[in-house]
Amino acid sequence: KLGARTAASAPRQAKRSRHDGTGASVGVAVHDLFAARVRMGMRAPLCTFFNNLLPFQVRPAFVDTCVATLNADTAKSLRLPSVERGLVGWREMRELMIKAGASDASLTNEWVANAYKWIVWTQACMARAFPEKYAFGVLSESAVLQRMLYKYEREINRAERPHVRRILEKDENPGAPAVYVVSAIRSMTTASGIGNVPTMSEIEISDGWYSVRARLDAKLTRAVREGRLRVGYKIFVVGAELRGVTDAVSPLSDDAEMAYVCLHVNGARLAPWDAALGRVTYNLTIPLRSVVPDGGVVPRMLIHVRHAYPMMHQERRDADKNVLRCEIAERRAHAEWQRARDSVLHELQDAMHNRIGGWGSEVDQERAIREALQEKNLYDRRTSAVLRLNVVGFMPSSKHESYRGPITRGSTSAILTIWDADEA
C-alpha cells in the first residue's frame with residue numbers, strides 16, 4: 001500500500017477507454033490531464049509556470065514578427081513549422097490527432113479550426129508576455145498538438161462543456177460570475193446628439209474555448225477608449241445578459257453570430273493576469289464609492305448601516321401615480337379605504353336583497369360586485385413597504401497592510417432605498 005504522501009505524488013495512469021451504461025466504448029483517452037500536476041504539484045498557481053514573473057516584465061531581445069502581430073482573427077490561418085511536413089495548419093493537426101487516437105467522426109472541421117485558433121493565439125500571447133521563457137518553440141507542432149489533444153480529452157471524451165458553450169446552449173445562467181479574456185475590439189458607436197465621443201462599443205470575449213460578442217455600456221466604452229481595457233486583458237463579469245437569440249444555439253453555428261451579451265460597469269472589473277478563465281465560484285464585491293448610478297445591477301457590496309429611517313408605504317393607484325405615506329398616514333388611509341369599501345358592499349347587498357337596480361337570479365353577482373368596486377377604485381389596494389437606509393462604505397484602515405493612503409475619489413455614503421421591503 002502507498003502512503004498518503006506517496007499516493008498524492010504518484011502519477012495517475014491515463015484511462016485507455018471508457019464505457020457508458022450499455023457497455024459501448026465512449027472514447028479513447030488521448031491526453032493525461034494530470035501530468036502537469038505531477039510535475040508542478042497539486043493545482044499549482046499559474047504564476048508558478050512562469051517563475052513568478054509578471055507579463056512583459058522582461059524586455060525581449062527578439063520576438064518573431066509573426067508572433068508579435070498575430071491576433072485572434074488571423075490565428076486560424078497560421079501555418080506552423082514542422083520537421084516532417086514543412087508547414088502544418090489545422091487540417092494537418094486534425095490528421096495528427098486521429099493518429100494519436102482521436103475519433104474521426106468527432107473531429108469536425110469547425111471544431112478543429114476553432115480549437116486551433118484559440119490555442120495558437122494563446123501561445124502567441126504567452127510568447128509576447130514572457131519572451132525569455134517562450135520566445136522560441138511556443139508555436140511548434142508538438143506544443144500546439146498537445147494543447148489540442150487536451151481540449152479533445154476534456155470537451156469530447158469527458159463531455160466537459162466550456163462556459164460560453166453552456167451559455168449559448170441555454171444550460172448556464174449568463175449572469176453567473178465568470179472570467180473572460182478580451183480577444184478583439186469590434187466597433188465603437190457614437191449616439192446621435194452626443195458629439196464625437198463613443199457611447200457604446202462592441203468587443204469579443206472568450207473563455208479560451210469559444211467566443212461571444214459583448215456590448216458595453218458608456219462607462220466601459222470609456223475604459224476601452226482610454227486604453228484601460230485592451231485586447232488580452234481579463235475581466236471578471238457578473239450579471240451579463242444574453243441577447244440576440246431566443247433558442248439554444250451551438251457556439252460554432254451561424255446562429256451564434258447573432259448572439260451577444262450586455263456588460264455593465266457595476267458588474268465588470270479587471271481580473272488578475274493569471275486568473276483562470278470560465279465559470280468561477282466566488283462573487284464580485286465592489287466598494288460603494290465606485291458604484292455608477294446607471295451602471296447596471298450591483299452584484300455585492302459591503303456597507304455599514306448608519307441610520308434606518310421609519311418605514312414608508314407606497315400605494316400604486318395608476319400607471320403613473322404613486323402615493324408615499326408614513327406609517328400613521330398609511331393606517332389612516334387604509335381605514336378610510338376599508339370604510340368606503342364596506343359602504344359600497346352594504347349598498348350592493350341591500351340592492352341584491354331587495355332585487356332593485358336590475359338585480360336578479362340570472363345576474364352574475366360576483367362579477368357585478370367586482371365591476372362595481374373597480375369603478376370606484378375599491379376592489380383592491382396595491383401597497384408595498386419602502387425602507388430607506390443611510391449607509392456608508394467600508395474604508396481601509398490605516399493600520400491594514402493594504403492601506404495606500406486616504407481615498408478621496410467617489411462618494412462614501414448614500415441613501416439606500418429598498419422597495420417591497422415587506423417581501424424581502
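Student: What describes the way helix α4 and helix α7 pack in this structure?

Tutor: Two packed helices are described by the angle between their axes and the distance between the axes. In this predicted model, the axes of α4 (residues 90-99) and α7 (residues 141-157) come within 10 Å and cross at roughly 65°.

Student: What makes residues of α4 and α7 part of the contact?

Tutor: Contact requires heavy atoms within 4.5 Å. On the α4 side, the contact is made by Met-93, Leu-96 and Met-97. From α7 come Glu-141, Val-144, Leu-145, Met-148, Leu-149 and Tyr-152. By class, the contact has eight nonpolar residues, no polar ones and one charged. Glu counts as charged, so Glu-141 is the charged residue here.

Student: Why does strand β5 count as paired with strand β12?

Tutor: Pairing needs at least two bridges. Two bridges join β5 (residues 178-189) to β12 (residues 278-279), so the pair qualifies. These strands run antiparallel, and Val-179 has Gly-278 as its bridge partner in β12.

Student: Which other strands are joined to β5 by bridges?

Tutor: Four bridges join β5 to β8 (residues 234-237), and Val-181 has Lys-234 as its partner there. Seven bridges join β5 to β6 (residues 200-206), where Ala-184 is partnered by Glu-204. Both β8 and β6 run antiparallel to β5.

Student: What makes a space a cavity, and how many are in the structure?

Tutor: A cavity is a place where a 1.4 Å probe fits but cannot get out.

Student: What class of residue lines the largest cavity?

Tutor: The lining has nine nonpolar residues, with no polar and no charged ones. Among them are Val-164, Ile-167, Leu-168, Pro-174 and Tyr-180. Helix α8 (residues 163-168) gives the largest share, three residues.

Student: What classes of residue line the second largest pocket?

Tutor: Its lining has nine nonpolar, three polar and nine charged residues. The pocket has a volume of about 600 Å³. Of its 21 lining residues, Lys-117, Glu-204, Ser-211, Pro-251 and Glu-257 lie nearest its centre. Helix α5 gives the most to this lining, with four residues.

Key. Residues are numbered from 1 along each chain as its sequence is written. This is a predicted model: local features need pLDDT of at least 70, side-chain atom pairs count only at pLDDT 80 or more; totals for chains, interfaces and linings use all residues. Side-chain values use heavy atoms; hydrogens and water are left out. Axes are lines fitted to C-alpha atoms, for helices over the stretch in contact, and angles run from 0 to 180 degrees between N-to-C directions. On a 1 Å grid over the protein atoms alone, a cavity is a set of points where a 1.4 Å probe fits but cannot get out, and a pocket is an open set with protein on both sides within 12 Å along at least five of seven lines; lining residues have an atom within 4 Å of a point. Grid points are joined across faces, edges and corners, and a volume is the space filled by probe spheres set on the points.
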